[in-house]
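Hi everyone, thanks for making time this morning. I'd like to walk you through one structure, so let me put it up on the screen.

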Amino acid sequence: MPPYPRQALVSSLALALRGPCLTRSCSQSFHSFHHPPSDGPFGAVEDAILAAAYRHVPEHGFSRRALGLGARDAGFLDISPSILPEGSFSLIRYHLVTRRRDLSRQDPAAGAASQDPAASGVAEKVTQLTWARLRANEAVIHQWQQALAIMAQPSYLPASLKELALLSDEIWFLAGDRAVDPSWYSKRASLSMIYSSAELLMTNDRSPGYAETRDFLHRRLAETRTAGSYVESLGQWAGFTVNASLNLLRSKGVPI
């Protein structure tokens with residue numbers, strides 16, 4: 001697979017992370033408080049097929065076979081998955097979107113405002129929510145290397161990066177962070193890098209309860225809080241994430 005241009009990677013990430021302002025005096029939060037059901041990427045028929053197909057992912061992976069079975073289960077013709085122009089990636093995106101939205105139910109106290117992300121409770125909530133999101137991969141973790149290989153393809157990489165950026169924003173928001181200074185970007189880029197690293201580790205983690213992944217996550221987040229070492233460069237994060245993903249998958253024999 002030809003290398004994806006770093007400039008395009010950074011542009012995609014910057015668009016995903018872009019907010020309306022950069023100063024603490026801004027009166028609007030970067031994150032919308034409103035998440036209407038219609039803001040998803042799927043129509044009603046697509047959603048019905050994907051919801052049914054998702055139940056087949058543990059056995060058949062993120063594949064056209066799973067999509068075909070899902071269409072049949074949802075009462076559509078077998079050819080119905082052809083309405084999903086992105087094929088298997090639509091099923092991966094369905095997982096990313098629905099698991100991200102499920103996070104809002106993880107913490108009943110989510111939404112308590114704080115202007116200081118280092119304030120008591122916010123950092124701990126970031127850790128808890130990030131771990132909850134990783135555990136949401138558990139049912140499909142044995143199929144996730146296949147998903148990563150698809151997500152690494154140039155045609156799907158911008159959308160994959162955008163979903164990761166949205167996840168990082170969601171976690172910080174639900175943890176209670178309302179700061180709107182320039183650290184908004186660096187905090188989310190740092191969390192994205194840590195999350196993607198932990199997710200890669202989890203695909204090979206055979207420890208009980210994914211203890212190795214949990215310890216790695218807690219250690220990295222604690223190091224970031226202690227040193228204040230948020231990623232300062234979007235290019236640094238994008239390059240690390242893509243290279244690490246590709247190298248791990250290639251080491252496992254995935255043909256990319």
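**A walk through the core**

Let's begin with Leu91. Leaving out residues up to four places away in sequence, Leu91 touches Leu50, Ala53, Tyr54, Val57, Gly61, Phe62, Ser63, Ala66 and Leu67. Do keep in mind, please, that this is a predicted model.

Now for the wider setting. The largest nonpolar core holds 49 residues, and Phe62, Leu91, Ile92 and Trp144 are those with the most contacts inside it. Two or more residues of this core come from each of α2 (44–54), α4 (64–73), α5 (88–102), α6 (122–135), α7 (144–151), α8 (157–175), α9 (183–202) and α10 (211–227). The top contributor is α8, with 8 residues. As general background, nonpolar side chains in soluble globular proteins tend to be buried together.

Next, have a look at Ile194, which sits in helix α9. Is Ile194 buried or exposed? Its relative accessible area is 2%, so Ile194 counts as buried. Beyond four places in sequence, Ile194 touches Phe216, Leu217, Arg220, Leu221 and Thr224. Take Leu221: 27 residues separate Ile194 from Leu221 in sequence, while their C-alpha atoms are 7.5 Å apart in space.

My last stop is Gln143, in the loop between α6 and α7. Gln143 has 13% relative accessibility, and the cut-off for buried is under 20%, so this residue is buried too. What does the side chain of Gln143 reach? That would be the backbone oxygen of Pro58, at 3.1 Å. Again setting aside residues up to four places away, Gln143 touches Val57, Pro58, Glu59, His60, Gly61 and Phe62.

That's my tour, and I'm happy to take questions.

Methods
Residues are numbered from 1 along each chain as its sequence is written. This is a predicted model: local features need pLDDT of at least 70, side-chain atom pairs count only at pLDDT 80 or more; totals for chains, interfaces and linings use all residues. Side-chain values use heavy atoms; hydrogens and water are left out. A nonpolar core is a set of buried Ala, Val, Leu, Ile, Met, Phe, Trp, Tyr and Cys residues joined through side-chain atoms within 4.5 Å. Buried means under 20% relative accessible area, exposed over 50%, partly exposed in between (1.4 Å probe, protein chains only). Helices (H or I, at least four residues) and strands (E, at least two) are DSSP runs, numbered from the N terminus. Contact means heavy atoms within 4.5 Å. A polar contact is a pair of N or O atoms within 3.5 Å; within protein, one must be able to donate a hydrogen and the other to accept it, and residues adjacent in sequence count only if both atoms are side-chain atoms.
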